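Dear colleague,

Please find below the structure that I am handing over to you. My notes on it follow directly after.

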Amino acid sequence: MADLATKELRKRIAKVSLALLLIIGLISAGLIWWFFSARISLISVQGDSMEPTFHDGQTVILNQAYEVEKGMIVVFHKPEAWGYMGTENVELIKRIVAGGGSTVEYDGEKLYVDGEEIYDLEANNYQCELDAGYSHKLSNEELFVLGDNHEVSLDSLRILCDNEKTADAYIPFLETLAYGTVKGTL
């Protein structure tokens, strides 16, 4: 009689275990579907170019948008032309300061986007090789991005000021991996 009771108990445990596994599997599948359909990206920040907004090792939850706009955060593969800066990070996280249709200008002291000053190079002792009077209107496929910590950031400003090929400063929007508004951090 003990054998029959043991067998019944084992059958019940097996049924309950199977049911729990099925429930866990369905919940996991639902969460994965929601994660991808909600257009959410988890980004791990490496380096200090986005300080004080984000810190090295912090995970950022990015809610992807359908259109980009000034102020959004963007994650992209480091363009080949930026390779000379020597960073090992393949993916960079920066803030959009100008998108398609905007005009980036340099007067020899300050950098402007659509007439609005975005960085005073002279006041920050930032050496820029760019000639005063530089002006570039971004196409709809171009973005101008900056790190929040300009002194150490590998971004459009650094490439624009240090590179003879000014077109390399503008990253192609279509090559971005994730973009949008920050939902939070972990």
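Which residue forms a salt bridge with Glu-117? The partner of Glu-117 is Lys-110, and the closest N and O atoms of the two are 3.4 Å apart. A salt bridge here is a side-chain nitrogen of Lys or Arg within 4 Å of a carboxyl oxygen of Asp or Glu.

Before the remaining findings, please note that this is a predicted model, in which local features need pLDDT of at least 70 and side-chain atom pairs count only at pLDDT 80 or more, while totals for chains, interfaces and linings use all residues. Residues are numbered from 1 along each chain as its sequence is written, and side-chain values use heavy atoms, with hydrogens and water left out.

Salt bridges

The structure holds three salt bridges. Glu-117 counts as partly exposed, at 38% relative accessibility, and Lys-110 is also partly exposed, at 22%. On this scale, buried means under 20% relative accessible area, exposed means over 50%, and partly exposed lies in between (1.4 Å probe, protein chains only).

Another salt bridge joins the side chains of Lys-70 and Glu-116, at 3.6 Å from N to O. This pair links distant parts of the chain, 46 residues apart: Lys-70 is in the loop between β2 (59-64) and β3 (73-77), and Glu-116 is in strand β7. Helices (H or I, at least four residues) and strands (E, at least two) are DSSP runs, numbered from the N terminus. Lys-70 is partly exposed, with a relative accessible area of 47%, and Glu-116 is partly exposed at 45%.

Arg-95 forms a salt bridge with Asp-148, their closest N and O atoms being 2.8 Å apart. Here too the pair links distant parts of the chain: Arg-95 belongs to strand β4, and Asp-148 to the loop between β9 (142-146) and α2, 53 residues apart. Arg-95 has 23% relative accessibility and counts as partly exposed; Asp-148 is likewise partly exposed, at 23%.

Disulfide

With a disulfide defined as a pair of cysteine sulfur atoms within 2.5 Å, the count comes to one. The bond is formed by Cys-128 and Cys-161, whose sulfur atoms are 2.2 Å apart. Cys-128 lies in the loop between β7 (116-120) and β8 (134-137) and Cys-161 in helix α2 (residues 156-162), so the pair ties together parts that are 33 residues apart in sequence. The link of Cys-128 and Cys-161 is left-handed, with -90° about the S-S bond. Both Cys-128 and Cys-161 are buried.

Surface patches

Patches are made of residues with over 30% relative accessible area and no salt bridge; like charges are joined within 9 Å, and nonpolar side chains (Val, Leu, Ile, Met, Phe, Trp, Tyr) within 5 Å. A negative patch is formed by Glu-105, Asp-107, Glu-109, Asp-114 and Glu-122. Lys and Arg count as positive and Asp and Glu as negative, with His and the chain ends not counted; the place of a charge is taken as NZ of Lys, CZ of Arg, CG of Asp or CD of Glu. Glu-122 is in the loop between β7 and β8 and is partly exposed, at 49% relative accessibility.

A nonpolar surface patch consists of Val-16, Leu-20, Ile-23, Ile-24, Ile-27 and Leu-31, with about 580 Å² of accessible area together. Accessible areas come from the Shrake-Rupley method with a 1.4 Å probe; for residues, only the protein chains shown count as cover. Of these residues, Ile-27 lies in helix α1 (residues 2-37).

Yours sincerely
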